[in-house]
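Good morning, everyone. Please look at the sequence and the structure while I talk.

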Amino acid sequence: MSTTESASSRFVGIDDWSSLELVDGIVEGQFGAIAAVHAARAALAEAIDAATARLAAGGRLIYAGAGTSGRIAAQDAAELPPTFSWPYERAISVMAGGERALIRAAEGAEDDRDAAQQALRDLQLNENDVVLGIAASGRTPFAIAALDYARQVGSLAIGIYNNAGGKLGEASDIPILIETGAELVAGSTRMKAGTAQKAALNCLSTGVMVKLGFVYRGKMVEMRATNVKLQGRAVQMVADLADAPLDVAERTLAEAGGTIKLAVVMLVRQASRSEAEALLARNDGNLRKALA
């Protein structure tokens with residue numbers, strides 16, 4: 001079976017391919033990446049359910065990786081707070097080589113097991129936390145060490161990797177193997193494997209946020225309206241969900257301090273801000289339950 005580091009005979013002549021042929025070959029790999037993620041859907045669903053239970057109890061989502069995998073993981077972590085108002089202190093990226101390695105390669109950092117475990121000790125990892133170890137090869141010491149330590153302290157350890165037999169799977173409570181096979185450029189896992197990792201993390205983190213009630217009727221009701229574009233989107237969201245005119249939605253959203261869920265409850269339930277706040281609090285902030 002081919003791995004991410006295998007040289008495929010199909011691509012042996014790419015240095016002589018036309019630009020159009022190169023594009024076709026690269027795009028073909030992207031389709032294959034998504035198919036590989038779909039093949040791992042059962043493990044992803046299991047991970048969503050298990051992670052949701054830990055995070056509902058107050059845990060944190062902690063990503064650990066090196067190189068391309070670490071950068072993809074860091075991106076997913078960084079996007080949860082603005083998209084879902086998930087607290088920054090509960091979406092944490094542990095990158096081999098530190099933050100500098102996000103923009104400049106840190107050679108050898110992926111082999112530092114001690115650094116991974118020290119970073120998690122510094123975070124005072126606990127049993128409600130979820131640690132995601134990401135490594136295309138499945139054998140990156142940094143990511144494996146992070147999962148080993150997570151299991152030692154009782155945190156949920158989830159591994160995402162692309163090569164069968166990778167030790168990352170053995171270190172995981174829930175291993176998610178996404179077999180993408182040989183790359184167009186052998187070993188360049190920023191390509192097909194990277195696409196698969198990004199898609200898998202999209203499934204996992206978004207699935208968890210939906211399960212936690214951060215999405216209602218397909219809308220990002222926890223979104224932070226931090227710029228003009230998002231402020232307009234927030235007003236439209238309130239108008240749609242509450243079946244209200246835009247001017248009423250805008251005024252109510254202002255009264256709600258910019259909180260979309262609060263504005264929707266105020267309009268649908270014809271409640272004051274304090275009444276709407278109490279209703280949401282009684283339903284753990286879940287908009288669907290508050291409106292039921």
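**A walk through the model**

Let's begin at Asn 283, which sits in the loop between α11 and α12 (287–291). Helices (H or I, at least four residues) and strands (E, at least two) are DSSP runs, numbered from the N terminus. Is Asn 283 buried or exposed? Asn 283 counts as buried, at 19% relative accessibility. Buried means under 20% relative accessible area, exposed over 50%, and partly exposed in between, with a 1.4 Å probe and protein chains only. Leaving out residues up to four places away in sequence, Asn 283 touches Lys 289 and Ala 290. Contact means heavy atoms within 4.5 Å.

A word on the model. It is predicted: local features need pLDDT of at least 70, side-chain atom pairs count only at pLDDT 80 or more, and totals for chains, interfaces and linings use all residues. Residues are numbered from 1 along each chain as its sequence is written, and side-chain values use heavy atoms, with hydrogens and water left out.

Now the whole chain. The protein chain has 12 helices and five strands. Its C-alpha trace spans about 65 × 50 × 35 Å along its principal axes. Of its 292 residues, 48% are buried. Take the contacts with a separation of 6 or more: residues 24 or more positions apart account for 64% of them.

Next, the cores. A nonpolar core is a set of buried Ala, Val, Leu, Ile, Met, Phe, Trp, Tyr and Cys residues joined through side-chain atoms within 4.5 Å. The largest one has 37 residues, and Tyr 63, Leu 132, Ile 158, Ile 176 and Ile 178 touch the most other members. Two or more residues come from each of α1 (19–39), α2 (41–56), β1 (61–65), α3 (67–84), β3 (130–135), β4 (156–161), β5 (174–177) and α7. Which element gives the largest share? That is α7, with seven residues. Tyr 63 has contacts beyond four places in sequence, among them Ala 73, Leu 80, Val 94, Ile 134 and Leu 201. There is also a second, separate core of 26 residues, including Leu 230, Val 235, Leu 241 and Ala 290.

On to helix pairs. Two packed helices are described by the angle between their axes and the distance between the axes. Axes are lines fitted to C-alpha atoms, for helices over the stretch in contact, and angles run from 0 to 180 degrees between N-to-C directions.

Take α2 and α7. Their axes come within 9 Å and cross at roughly 45°. The two helices are therefore oblique to each other. Angles under 35 degrees count as roughly parallel, over 145 as roughly antiparallel, 65 to 115 as roughly perpendicular and the rest as oblique. The crossing of α2 and α7 is right-handed. A crossing is right-handed if the near helix is turned clockwise from the far one by less than a right angle, and left-handed if anticlockwise. Among the contact residues are Leu 44, Ile 48 and Leu 55 of α2, and Leu 204, Gly 207 and Lys 211 of α7. The residues of this contact divide into nine nonpolar, two polar and two charged. Here Ala, Val, Leu, Ile, Met, Phe, Trp, Tyr, Cys and Pro count as nonpolar, Asp, Glu, Lys and Arg as charged, and the others, Gly among them, as polar.

Now α10 (residues 260–268) and α11 (residues 273–282). Their axes come within 9 Å and cross at roughly 110°. That makes α10 roughly perpendicular to α11. This crossing is right-handed. Lys 261, Leu 262, Val 265 and Met 266 of α10 meet Arg 273, Ala 276, Glu 277, Leu 279 and Leu 280 of α11. That contact holds six nonpolar, no polar and three charged residues. Helix α10 is mostly covered, with seven of its nine residues buried. Those buried residues pack against α8, α9, α11 and α12.

Trp 86 lies in the loop between α3 and β2 (91–95). Trp 86 is buried, with a relative accessible area of 2%. Beyond four places in sequence, its contacts include Leu 55, Pro 81, Met 209 and Phe 214. By contrast, Asp 243 is exposed, at 73%. Asp 243 is in the loop between α8 and α9 (246–255). Asp 243 has a positive phi of about 55°, although it is not a glycine. Most residues other than glycine have a negative phi.
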